[in-house]
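This report walks through selected features of one protein model.

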Amino acid sequence: MTLAVRYISARTLDTAPAEPSSPGPGEVELAPAFVGICGTDLHIFHGDMDARVAAPAVLGHEMSGRVVRVGPGVEGWQPGDAVTVMPLRWDDTCPACRAGHQHICQRLDFIGIDSPGAMQQRWTVPASTLIRLPDTLPLDRAALVEPTAVAVHDVGRAKVTEGEKVVVVGGGPVGILIALVARAAGADVRVVELSAHRRLLAEELGLTAWDPADDDVPALVGAWTGQAGADVAFEVSGAAGGVDTAVDVLGVRGRLCLVAIHPRPREVNLHRFFWRELTLIGARLYDRSDFERAVALVADGTIAVGRLISKVVPLTEAPAAFEALEGGGDVMKILVDCTTGTDHTHDARGAAV
């Protein structure tokens with residue numbers, strides 16, 4: 001018998017025994033090591049996704065772990081292999097899939113939301129979802145490959161190129177990762193973030209961060225770009241003010257990449273879009289090449305994901321970790337250790353103390 005963290009109802013999680021299922025044809029049983037808690041998990045915790053999530057539901061899709069057993073017909077994987085999971089299962093028959101956009105399948109099963117996720121001690125998934133990890137990559141860092149893949153996809157969708165001026169509005173985990181991936185692509189990047197803690201972290205990672213409450217961000221962008229405006233803005237804040245800022249900082253033919261999930265329709269300055277011939281780009285999820293690029297960036301240290309890990313908690317303390325994340329600003333990423341019931345304390349840099 002193993003343990004799993006389950007969503008029961010709004011603001012109610014439990015840790016309960018779970019019976020592992022043997023891997024069937026084409027499936028692999030994993031032992032999750034570390035699972036990150038993300039913004040979508042918090043939306044589920046708040047009850048905002050009850051129409052989609054069937055309780056009791058095992059959460060979690062940002063993960064790392066090892067193969068335990070392989071099912072019939074599975075080749076190329078064996079027990080002990082270090083892996084992460086691209087948590088998408090598509091039908092291959094809908095118009096999106098037929099057009100080659102399987103990651104946004106019109107009947108997509110997002111594993112960890114629409115079906116059981118990784119926050120458990122044993123997890124059976126299709127072998128097709130596995131992404132191999134190098135043995136040199138620590139598994140706690142590897143749990144951040146999934147959000148890094150989000151950032152890789154976003155930067156790719158925006159077609160960021162070397163030398164471009166990029167503004168990231170929102171300095172949470174995904175915003176910081178987008179800034180780091182854009183910088184790795186050769187862009188000159190600025191981060192706009194209200195939280196002093198998050199701005200400090202961005203600066204420790206070598207990024208320039210501005211406070212929209214105290215700074216005139218469009219004026220700063222004007223001075224930075226010789227009044228040309230930014231080439232690309234990423235809206236990652238999910239706030240109406242963030243949308244306004246992202247539009248206002250763009251120069252002629254700038255690209256606005258929408259990353260955040262906005263819970264309600266927003267007013268947008270369409271005159272600005274007309275006047276400067278701006279382009280709006282949606283960015284959702286990732287594909288396998290994004291994941292493989294993310295693994296490389298994390299493994300070689302280009303993206304220092306360990307600095308984003310605020311805390312690691314045992315599986316039995318996961319419900320309390322969700323409540324801690326609600327405070328926002330001073331916490332970036334909490335990982336759930338699925339391997340043990342023993343407490344682990346890490347500092348904000350992800351180093352054990």
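## Sheets, cysteines and helix packing

In this predicted model, three strands make an open sheet in the order S2-S1-S4, and their pairing is antiparallel. The edges belong to strand S2 (12-18) and strand S4 (57-58). Each has a single partner strand, so one side of each lacks a neighbour in the sheet. Strand S1 (residues 2-9) pairs with S4 over two bridges, in the antiparallel sense. Tyr7 has Ala57 in S4 as its bridge partner.

A second open sheet holds six strands, ordered S13-S12-S11-S14-S15-S16, with parallel pairing. Its edge strands are strand S13 (208-210) and strand S16 (279-282), and each of these pairs on one side only. On average, neighbouring strands here are turned by 20 degrees against each other, direction ignored. Strands of a sheet pair through backbone hydrogen bonds, in either a parallel or an antiparallel way. Strand S14 (residues 230-235) and strand S15 (residues 250-258) are parallel partners, joined over five bridges. Ala233 has Leu256 in S15 as its bridge partner.

What lies across strands S11, S14 and S15? Helix H8 (residues 240-248) does, and H8 runs at about 145 degrees to S15. Strand S11 covers 165-169. The buried residues of H8 are Gly242, Val243, Thr245, Ala246 and Val247. These buried residues pack against S11, S14 and S15. They also pack against helix H7 (217-225) and helix H9 (270-276).

Next, the cysteines. How many disulfides does the structure hold? The count is zero. Cys38 is in no disulfide, and the nearest cysteine sulfur, that of Cys338, is 14 Å away. Cys97 is in no disulfide either; its nearest cysteine sulfur is that of Cys94, 3.7 Å away. Are Cys38 and Cys97 buried or exposed? Cys38 is buried, because its relative accessible area of 10% falls under the 20% limit. Cys97 also counts as buried, at 4% relative accessibility.

Now the helix pairs. Two packed helices are described by the angle between their axes and by the distance between those axes. Helix H4 (residues 145-157) takes part in both pairs below.

| Helix pair | Axis angle | Axis distance |
|---|---|---|
| H4 and H5 (residues 173-184) | roughly 55 degrees | within 8 Å |
| H4 and H10 (residues 288-299) | about 115 degrees | 8 Å |

H4 and H5 are therefore oblique to each other. H4 and H10, by contrast, are roughly perpendicular to each other, because angles of 65 to 115 degrees count that way. H4 passes H5 in a right-handed crossing. The crossing of H4 and H10 is right-handed too.

Which residues of H5 does H4 meet? They are Val174, Leu177, Ile178, Val181 and Ala182. On the H4 side, the contacts come from Pro147, Thr148, Val150, Ala151, Val152, Asp154 and Val155.

Towards H10, the H4 residues in contact are Val145, Glu146, Thr148, Ala149, Val152 and His153. They meet Asp290, Phe291, Arg293, Ala294, Val295, Leu297 and Val298 in H10. An α-helix has 3.6 residues a turn, so residues three or four places apart point the same way.

Methods. Residues numbered from 1 in each chain as written. Predicted model: local features only at pLDDT ≥ 70, side-chain atom pairs only at ≥ 80, totals over all residues. Heavy atoms only, no water. Pairing = 2+ DSSP bridges. Helix = DSSP H or I, 4+ residues; strand = E, 2+ residues; numbered from the N terminus. Disulfide = S-S within 2.5 Å. Buried < 20%, exposed > 50% of the residue type's maximum accessible area, 1.4 Å probe, protein only. Axes fitted to C-alpha atoms, helices over the stretch in contact; angles between N-to-C directions. Parallel < 35°, antiparallel > 145°, perpendicular 65-115°, else oblique. Left-handed = near helix turned anticlockwise from the far one by under 90°. Contact = heavy atoms within 4.5 Å.
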